[in-house]
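Q: Hi! Could you walk me through this structure while I have it open?

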Amino acid sequence: MSNEDGTPRNKPEYTPEENVRNGTGPSQTAVDMANLAEVEDAKLRQQTGKSYSQGQLVRRRFRNHKAAMISAVFLALIFILAFTSIGYAGIPGWWDKDYAAAGAVVNGGNPTLSLVPQWLGGQGIQWGEHPFGQDSTGKDYFALTMRGTQQSLIIALVVGIVSTVIGSVVGSLAGYFRGWIDAVLMRATDLVIVIPLLVLAAVLGQMSSGLGAGILPLALVLGLVTWTSLARLVRGEVLSLREKEFVAAAVAMGAKPGRVILRHLLPNTVGVIVVNATFAIAAAILLETSLSFLGFGVQPPDSSLGLLISQYQNAFTTRPWLFWWPGMFILAIALSVNFIGDGLRDAFDPRQGSRGKKRGIFGFSGRDKALNKTTGSTAGPGGKDVPGQPINGSGLGGLLGGSGIGNP
Amino acid sequence: MSIFGRKKNHNPDEGRSETGTPGTAGAAGSSKAGRPASGTSPATGSLGLVQRHPDRDGRPILSFQDVSVTFNTEFGDVNAVKGVSFDIKPGEVVALVGESGSGKSVTSSTAMGLLPANASVTGTVMLGDREVTALDANGLRKIRGRHAAMVFQEPMTALNPVLTVGDQLTESLNVHGIAYGTEADRRAVELLEMVGIPDAQHRLKQYPHQFSGGQRQRIVIAMAISCSPEVIIADEPTTALDVTVQAEILELLRSLKDQLNTGILLITHNMGVVADMADRVCVMLRGELVESGEVHQVMQNPQHPYTERLLGSVPRLGAELTVSEPDTVTASQTTAVYAIEAQGLCIEYDHRGKKNRVVHDIDFTVAPGEILGLVGESGSGKSTIAKSVLGLLPVASGSLKIHGSDLTRLAGKEARALRKRIGVVFQDPAASLDPRFPIGDVITEPMVIHNVGNRQTRMERAYELLDAVKLPRSVVNRFPHELSGGQRQRISIARALTLDPEVLIADEPTSALDVSVQAAVLDMFAELQSRYEFACLFVSHDLAVVDMLAHRVLVLKDGRQVEQGPTQEVLHHPTQEYTKRLLSAAPVPDPDEQLTKRTERRQLLESLGERPY
């Protein structure tokens with residue numbers, strides 16, 4: 001559970017070497033070293049380093065996750081490429097060709113993009129006139145692919161927001177109130193789950209395309225059918241969190257249900273929510289692709305990656321680029337979103353991850369690595385600065401305590 | 001493999017029976033001859049099932065020589081144990097005492113080779129004539145269970161919930177090739193009878209959840225002695241148990257030890273248990289052995305200041321903390337009302353439409369400024385009552401009034417206004433603060449909820465309270481995971497006092513803390529109570545803590561009231577048998593006093609026609 005990663009249960013009250021290692025002078029001598037409570041307090045007073053919230057620790061761990069960071073950068077590049085190249089909603093981009101305008105097919109529609117430099121026997125690095133080639137009616141395939149990528153990214157964003165909001169609201173209400181509210185909400189969820197997702201999305205997608213206005217209705221509809229798994233996860237998480245004493249304390253203070261859910265429960269489930277949202281996004285992109293491929297999603301003359309693949313599936317052997325370019329963009333987007341989800345999961349719950357060469361004894365290595373990192377950064381290049389040290393010390397303690405070797 | 005293992009295991013046994021007492025030699029002989037399957041009286045070891053171990057002529061059975069343990073972590077080495085040496089002789093109980101992080105469990109783990117892979121051990125641990133620290137994984141497997149066994153803290157997690165008790169008992173017999181099939185089952189029955197579980201034949205087929213906590217711990221002990229180990233390592237064996245059950249388990253361990261001449265390494269933080277069980281005591285502090293010696297010497301005349309302080313922190317019956325005197329509520333004072341008033345209070349849990357009544361017909365009152373101690377064992381309903389006073393549980397029947405108004409019958413705004421006047425401190429310092437709130441937000445949350453003050457006045461109040469609980473003001477920006485258990489509990493108390501409540505509910509506020517930290521928190525609690533003069537419902541299982549703080553005590557058993565009255569009367573001159581039993585079971589940190597207490601308890605139980613374990 002994400003909320004516990006920073007709170008080792010048996011945090012040892014002090015680490016043996018710390019006092020020696022910190023070389024703290026006068027404040028230490030006044031403390032009776034035989035009194036645990038005093039030692040603890042003295043340690044706390046010494047802690048002058050910046051303290052890190054759970055969120056900051058998570059961000060730090062995420063930044064240490066290489067695959068996720070590379071994916072995030074990659075996704076950002078795809079995003080920028082897709083939206084700046086052909087422009088969006090009337091704003092022109094730097095690519096001069098329109099995805100809907102047909103033209104004369106040049107050189108059999110072969111891609112002009114070349115990445116092999118001349119000194120290696122290629123044609124040099126150049127975009128050319130039609131970098132991704134042209135389709136049979138002479139439309140610029142780069143523009144088409146960019147349009148499709150835009151659609152996929154919009155879908156990703158809208159579905160991510162809609163399904164996450166619905167899922168967490170339904171899940172947290174059901175989990176917090178239980179009783180008949182839980183019964184009603186969860187049966188509704190079951191109802192959505194039992195209908196095959198693709199069929200439901202196809203029917204609703206078809207209906208939404210009658211509304212016009214581009215891709216947004218379709219995205220909303222996809223969001224409306226993909227929130228179910230998140231709702232169940234959040235409900236489970238809330239069910240266990242609501243039994244915790246801090247929730248009982250808030251209720252006993254007189255907090256209203258809204259406050260308990262928004263301020264105490266949801267922030268503590270944010271790990272589950274964020275991680276699940278990224279995977280839902282990846283799934284939604286693929287769902288849109290499947291729908292468009294089947295002809296229920298985006299309709300021509302507009303374009304989407306799935307639609308492009310479906311339109312040119314017969315050209316796979318003769319003009320493979322018509323298949324490969326949209327296919328690769330689908331793959332790239334879905335993969336990077338998945339990697340980001342992976343990184344987020346590891347960041348929120350360092351105990352669950354499988355990587356990490358040396359995982360400490362039982363677990364808090366992720367947190368400690370992050371803490372260690374901060375120690376390094378606050379200490380500067382010399383690494384001799386004092387403020388970071390106590391954090392480092394408590395990190396050591398966390399490790400020991402987490403192992404269950406520290407006694408209760 | 002198993003034949004080989006058997007052979008290896010048998011050799012030392014034979015050697016042992018030669019040097020051992022004639023009785024055990026005969027027993028070992030009969031075991032080879034294939035003993036008759038008749039039900040010979042258990043607990044005598046006459047079947048050779050669990051033999052009495054020889055005395056080894058004063059040589060220790062388990063000996064630690066300059067043992068150091070270092071954990072190799074990512075950012076350097078942590079020196080958890082620094083050169084510890086002590087011995088355990090057969091039939092001797094050595095208590096390893098210390099607070100969290102003192103390295104006592106790590107030390108004991110070296111005896112079984114149970115440390116994780118990143119630990120490096122220097123020094124030697126000798127188990128009998130074997131050097132444990134030099135054994136490989138295979139060798140360690142052979143000594144585990146067979147020559148040294150462990151009794152764990154939490155019997156529910158030490159037993160596998162999906163296997164029957166019988167399966168688990170026969171497992172180690174099978175593993176060590178001692179007995180198989182019906183023979184193993186028969187031994188399992190004998191073991192259960194030895195540890196005092198009646199109707200053992202029948203109960204062998206039951207699962208752990210069908211036993212009570214104390215019985216589960218007996219089963220764990222039965223498993224530990226099943227292969228007749230020379231040494232038992234008991235890691236906090238009674239910490240998870242109620243006092244009366246604790247006393248029974250300690251009696252059982254003592255009688256088994258006397259029968260089998262086993263050496264026991266007892267790891268505990270409870271000084272009362274030490275006084276009750278131990279022959280010798282080793283006190284650990286930060287990985288070092290600061291004091292060791294005979295139990296009377298260490299506990300009555302401690303040399304090291306740490307031991308002294310540790311013993312001084314143990315709450316004792318009869319000790320007192322200064323708390324404010326309560327306002328008396330009498331019929332003549334028409335203006336005064338009770339802070340809490342319960343009449344015929346019944347509370348039910350709803351299990352899928354089935355009502356389960358856990359609190360029956362309780363009457364009590366708490367006057368303003370008075371501390372009422374709610375005492376009882378687990379399942380007595382004391383926390384349930386606290387929850388219902390907080391309005392977290394509905395009252396099934398009877399009335400529960402706070403300052404004259406019934407919290408459970410009030411709706412919305414009025415209930416919220418009433419809750420403003422109640423503060424709460426929970427047991428688990430790890431769970432009672434929201435991990436995502438910085439300490440400042442935690443303390444000011446009640447003010448935010450009830451819309452009191454603005455940002456600045458709230459912060460001022462937070463600083464004031466941090467001063468009151470003696471924590472530096474800078475912690476407002478820290479997060480709960482950066483504080484220790486005792487500090488978190490003080491933050492909990494500060495939060496409870498934010499709105500100057502007239503009633504404070506404290507649900508076992510110190511039972512998760514180390515003894516010296518507990519002493520500090522209790523001192524602070526008493527000081528705050530005399531300063532803010534709140535009425536308090538203090539729930540605890542520790543009679544000594546309640547005796548120190550409470551003006552009046554209510555003793556509960558199975559959701560029913562046993563005894564109620566001023567602390568002096570109830571805890572020092574109890575009239576009810578149950579209260580006497582509770583008092584006699586609570587161990588005191590003085591071996592002589594504890595011995596008289598133990599004898600008294602035996603007499604009490606004998607007079608009631610029960611056996612002490």
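**Aromatic pairs, core and surface**

A: Happy to. Over all chains, the count of aromatic pairs comes to six. Keep in mind that this is a predicted model.

Q: How is a pair of aromatic rings described?
A: By the distance of the centres and the angle of the planes.

Q: OK, so how far apart are the ring centres of Phe79(A) and Phe83(A)?
A: The centres are 4.8 Å apart, and the planes sit at 35°. That angle falls between the 30 degrees limit for stacked and the 60 for edge-to-face, so the pair counts as tilted.

Q: And where do those two lie?
A: Both Phe79(A) and Phe83(A) are in helix H5 of chain A. They are four residues apart, which is about one turn of the helix.

Q: What kind of pair do Phe323(A) and Trp324(A) form?
A: An edge-to-face one, with 6.1 Å from centre to centre and 80° between the planes. Phe323(A) counts as partly exposed because its relative accessibility is 24%, and buried would need under 20%. Trp324(A) is partly exposed too, at 47%.

Q: Which residues form an aromatic cluster in chain B?
A: Phe525(B), Phe534(B) and Phe538(B) form one.

Q: Switching topic: how many residues are in the largest nonpolar core?
A: There are 56. Those with the most contacts inside that core are Phe132(A), Tyr141(A), Met146(A), Ile155(A), Leu222(A) and Ile333(A). Several helices of chain A each supply at least two of the core residues, among them H6, helix H12 (257-294) and helix H14 (321-348).

Q: What does Met146(A) touch?
A: Leaving aside residues up to four places away in sequence, Met146(A) touches Leu81(A), Ala82(A), Ser85(A), Ile86(A), Phe132(A) and Phe329(A).

Q: Why does Val169(A) count as partly exposed?
A: Its relative accessible area is 42%, and partly exposed covers the range between under 20% for buried and over 50% for exposed.

Q: Last one, over in chain B: where does Arg52(B) lie?
A: In the loop between helix H2 (22-33) and strand S1 (62-73). Arg52(B) is partly exposed, at 35% relative accessibility.

Q: And how far is Arg52(B) from Leu256(B)?
A: In sequence, 204 residues; in space, 9.8 Å from C-alpha to C-alpha.

Terms used. Residues are numbered from 1 along each chain as its sequence is written. Chains are lettered from A and ligands numbered from 1 in the order in which they are written. This is a predicted model: local features need pLDDT of at least 70, side-chain atom pairs count only at pLDDT 80 or more; totals for chains, interfaces and linings use all residues. Side-chain values use heavy atoms; hydrogens and water are left out. Buried means under 20% relative accessible area, exposed over 50%, partly exposed in between (1.4 Å probe, protein chains only). A nonpolar core is a set of buried Ala, Val, Leu, Ile, Met, Phe, Trp, Tyr and Cys residues joined through side-chain atoms within 4.5 Å. Contact means heavy atoms within 4.5 Å. Rings of Phe, Tyr and Trp (its six-membered ring) pair if their centres lie within 6.5 Å; planes under 30 degrees apart count as stacked, over 60 as edge-to-face and the rest as tilted.
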